[in-house]
Amino acid sequence: MSAGHLAVIDMQRVFADPASPWATPRYADAAAGVHALLPAFAGRVTFTRFLAPREPVGAWRAYYEQYPFARRPPDAELWSLTDEFAGLADHVLDTATFGKWTPELAARTGPDGRLVLAGVSTDCCVLSTALAAADAGAEVLVVADACAGVDDDSHLKALQIMELYRPLVRVTTIADLLAEAGP
């Protein structure tokens, strides 16, 4: 079975910083999981970054009224990948949406491709990306122990919801995915 393309979702300072309103408490656990996966996907990795739009439209206006701290330009420090990933990110995809399944990520995954997801947060951007990619026909694998949610309960609930989409979306672990890929 093909190893596929790894999308590392939003491993950014805004989610790593415990003082951030968007802090992901188990960010370090997700980061360790991502590091364990990277060698198996050499040359087939896309790191994503969530960015605030220049001018929010529609329901996004109310969202950014709730989170005005996030109205920063793309080069603001809070949007940077954390230091442990900045030097490893050969390809970075920026979006102003929760879902990262863009034409660019679709092209990198390939037709009838396999998309492996890791990162934060399970219950927001990972979930949004998984469902859109599955709708487009990609085989989606979500690596549970390389993801983290806004809290443990939300993480587990999001994984349970994605598991309902089998066989389009499959939740797996680092060990199982690497064993499946073989030597």
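A residue is called buried when its relative accessible area is under 20%, and exposed when that area is over 50%. The legends below describe a predicted model.

**Figure 1. Overview of the protein chain in the predicted model.** The protein chain holds eight helices and six strands. Read from the N terminus, the order of elements is β-α-α-β-α-α-β-α-β-α-β-α-β-α. Along the principal axes, the C-alpha atoms occupy a box of roughly 45 × 30 × 30 Å. The radius of gyration is 15 Å, which agrees with the value near 16 Å that a compact globule of 183 residues would have. Of the 183 residues, 48% are buried. Contacts between residues at least 6 apart in sequence join residues at least 24 apart in 77% of cases.

**Figure 2. Surface and charges of the protein chain.** The accessible surface is about 8700 Å², and carbon and sulfur atoms account for 56% of that area. There are 14 positive and 23 negative side chains. The centres of these two sets are 4 Å apart.

Figure 3. Helix α2 spans residues 27-37, and its buried residues are Y27, A30, A31, G33, V34 and L37. An α-helix has 3.6 residues a turn, so residues three or four places apart point the same way. The cover over the buried residues of α2 includes strands β1 (5-9), β4 (114-120) and β5 (139-148). Helices α1 (13-16), α4 (83-86) and α8 (174-181) are also included in that cover.

**Figure 4. L37 in helix α2.** L37 has 0% relative accessibility and therefore counts as buried, the cut-off being under 20%. Leaving aside residues up to four places away in sequence, L37 touches L6, A118, V143, A146, I174, L177 and L178. L37 and R170 are 133 residues apart in sequence, and their C-alpha atoms are 17 Å apart in space.

**Figure 5. D10 and T82, two loop residues.** D10 lies in the loop between β1 and α1. Its phi is near 55°, a positive value in a residue other than glycine. D10 is buried, with a relative accessible area of 0%. T82 belongs to the loop between α3 (59-66) and α4. With a relative accessible area of 7%, T82 is buried. The residues that T82 touches, apart from those up to four places away in sequence, are M11, Q12, R13, A16 and Y27. Y27 is also one of the buried residues of helix α2.

**Figure 6. Two cis peptide bonds.** S121 sits in the loop between β4 and α6 (122-135). Another cis peptide bond joins R166 and P167, where omega is about 5°. P167 is located in the loop between α7 (152-163) and β6 (169-172).

**Figure 7. T172 in strand β6.** T172 counts as buried, at 6% relative accessibility. Its contacts, not counting residues up to four places away in sequence, are L141, V142, V143, A144, D145 and L177. Among these, V143 and L177 also touch L37.

**Figure 8. E163 in helix α7.** At 28% relative accessibility, E163 counts as partly exposed. Residues R170 and V171 are touched by E163 when residues up to four places away in sequence are left out. E163 and L141 are 22 residues apart along the chain, and 9.8 Å separates their C-alpha atoms. L141 is also one of the residues that T172 touches.

**Figure 9. G43 in the loop between α2 and β2 (45-50).** G43 is exposed, with a relative accessible area of 77%. From C-alpha to C-alpha, G43 and Y63 are 35 Å apart in space. In sequence, 20 residues separate G43 and Y63.

Note on methods
Residues are numbered from 1 along each chain as its sequence is written. This is a predicted model: local features need pLDDT of at least 70, side-chain atom pairs count only at pLDDT 80 or more; totals for chains, interfaces and linings use all residues. Side-chain values use heavy atoms; hydrogens and water are left out. Helices (H or I, at least four residues) and strands (E, at least two) are DSSP runs, numbered from the N terminus. The radius of gyration is taken over C-alpha atoms; the globule rule is 2.2 Å times the number of residues to the power 0.38. Buried means under 20% relative accessible area, exposed over 50%, partly exposed in between (1.4 Å probe, protein chains only). Contact means heavy atoms within 4.5 Å. Accessible areas come from the Shrake-Rupley method with a 1.4 Å probe; for residues, only the protein chains shown count as cover. Lys and Arg count as positive and Asp and Glu as negative; His and the chain ends are not counted. The place of a charge is taken as NZ of Lys, CZ of Arg, CG of Asp or CD of Glu.
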